[in-house]
Every structure is written in structure tokens, then in C-alpha cells.
Amino acid sequence: MRKLVGLKPQDILILMKLLSEPNLSQMDLAKKLQLSQAEVSHGLKRLRTSHLINIEGQVIKEAAIELLVHAVKYFYPAQLGAPSLGLPTAHANPDFKYVKHSESEIYVWPYAEGKSKGISLLPIYPSLPYASSKDKILYKIASLVEMIRAGRTRERKIAEEELQKIIKGVNAK
């Protein structure tokens, strides 16, 4: 009997990192994402099996858009929690000044080194806040995915458009 292969949360993190920094070795991915090399190896295999990356490890852009824009919010729905200190995410990302929101609607990934207070939003994978704090492009991609997961219709629409621009390599806001 064949084993069913499905994506795990760390696979989404690996995919987003490959979008922000293509051509990383497995060792570099493991270090930058705080994953074991075995987790990275298995994740890359699942991403290949799911046709999200090719045999060379390059992201298949249209498949990544389809997954991140249309599917992630269903597989990994937003889980909001109590107010917390952390790293601003979703529409509260400091680079997203073009997205209007009230101060009471700030989402943060709980993170020991975070300085912003807001409603906690459980990240797709626990090491996402750390990895995002070290990579501005990953932070932007992940925050857009969080806007899709946790935002209202208007925020989701903005995030979908911006995420597609980034993935396709078009200058985003």
C-alpha cells in the first residue's frame, strides 16, 4: 500500500524561504529556518511530490501562487490568541503602510525579541518569526500569507495581488 504524502507546516516555511532566497543549500535552509537537515530534506521531497518545486529545487511559481493564495488559509486557518508582544504581521507589517487598519487590529507573531503589542496570531510554523526577523523578503511574503489567512476581504484582495507580484518577480509596493 502506498503512503499518502501531504504537506506539513514546515514545508510552507521552506517554500516561502525558497521564494525569498532561491538556490539555498539544504544546510543553509536548515540553519536559516531553525529546522533540522532531515526536516528540510523531507520537506523538499514533499514539495517536489506536490509539484511546488522542480527536481533542481526551483519553485514552480504558478503552483506556489495557487497554494499560498488559495489553499493555505484552509489547511492552516488563522488561530488568534490573547494580546502578546511579538513581531507585527499580516496588515500590521510596518512595510504595509498602504493597508489601513486601526491600532486595535494589530496582529503579532508571539516572539521573545518582538517589541510590538497586539493580538497574537499563531505562525504557520514556530520558527517563522525568527526567520522573518532575519530576512526582509521572507517577512513580507509571510505577512502577506498571514493577511490572506487572517484578513478581511479587502486585506485578502490586497495581499493576493501583492503576493502574486512578488512571486512573479514584478515590483510590488
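Which residue of S2 is the bridge partner of Pro88? In S2, that partner is Val108.

## Basis of the model

This is a predicted model, in which local features need pLDDT of at least 70 and side-chain atom pairs count only at pLDDT 80 or more, while totals for chains, interfaces and linings use all residues. Residues are numbered from 1 along each chain as its sequence is written, and side-chain values use heavy atoms, with hydrogens and water left out.

## Strands

Helices (H or I, at least four residues) and strands (E, at least two) are DSSP runs, numbered from the N terminus. Strand S1 (residues 80-89) pairs with strand S2 (residues 107-110) in the antiparallel sense over four bridges. Two strands pair if DSSP finds at least two bridges between them.

S1 also runs antiparallel to strand S3 (residues 116-121), joined to S3 by five bridges. Leu80 has Leu121 as its bridge partner in S3.

## Helices H4 and H7

Helix H4 (residues 61-75) packs against helix H7 (residues 153-168) at an angle of about 160°, and their axes are 9 Å apart. Axes are lines fitted to C-alpha atoms, for helices over the stretch in contact, and angles run from 0 to 180 degrees between N-to-C directions. H4 and H7 are therefore roughly antiparallel to each other; angles under 35 degrees count as roughly parallel, over 145 as roughly antiparallel, 65 to 115 as roughly perpendicular and the rest as oblique.

On the H4 side, the contact (heavy atoms within 4.5 Å) is made by Lys61, Glu62, Ala64, Ile65, Leu68, Val69 and Lys73. H7 contributes Arg156, Glu160, Leu163, Gln164, Ile167 and Lys168. Six residues of this contact of H4 with H7 are nonpolar, one is polar and six are charged. Here Ala, Val, Leu, Ile, Met, Phe, Trp, Tyr, Cys and Pro count as nonpolar, Asp, Glu, Lys and Arg as charged, and the others, Gly among them, as polar.

## Ala64

Ala64 lies in helix H4. Its relative accessibility is 0%, so Ala64 counts as buried (under 20% relative accessible area, with exposed over 50% and partly exposed in between; 1.4 Å probe, protein chains only).

Leaving aside neighbours within four places in sequence, Ala64 is in contact with Leu15, Leu19, Leu52, Val59 and Ile167. Ala64 and Ile12 are 52 residues apart in sequence, and 9.5 Å separates them in space, C-alpha to C-alpha.

## Helices H2 and H3

Helix H2 (residues 26-33) and helix H3 (residues 37-49) cross at roughly 115°, and their axes come within 9 Å. H2 and H3 are therefore roughly perpendicular to each other.
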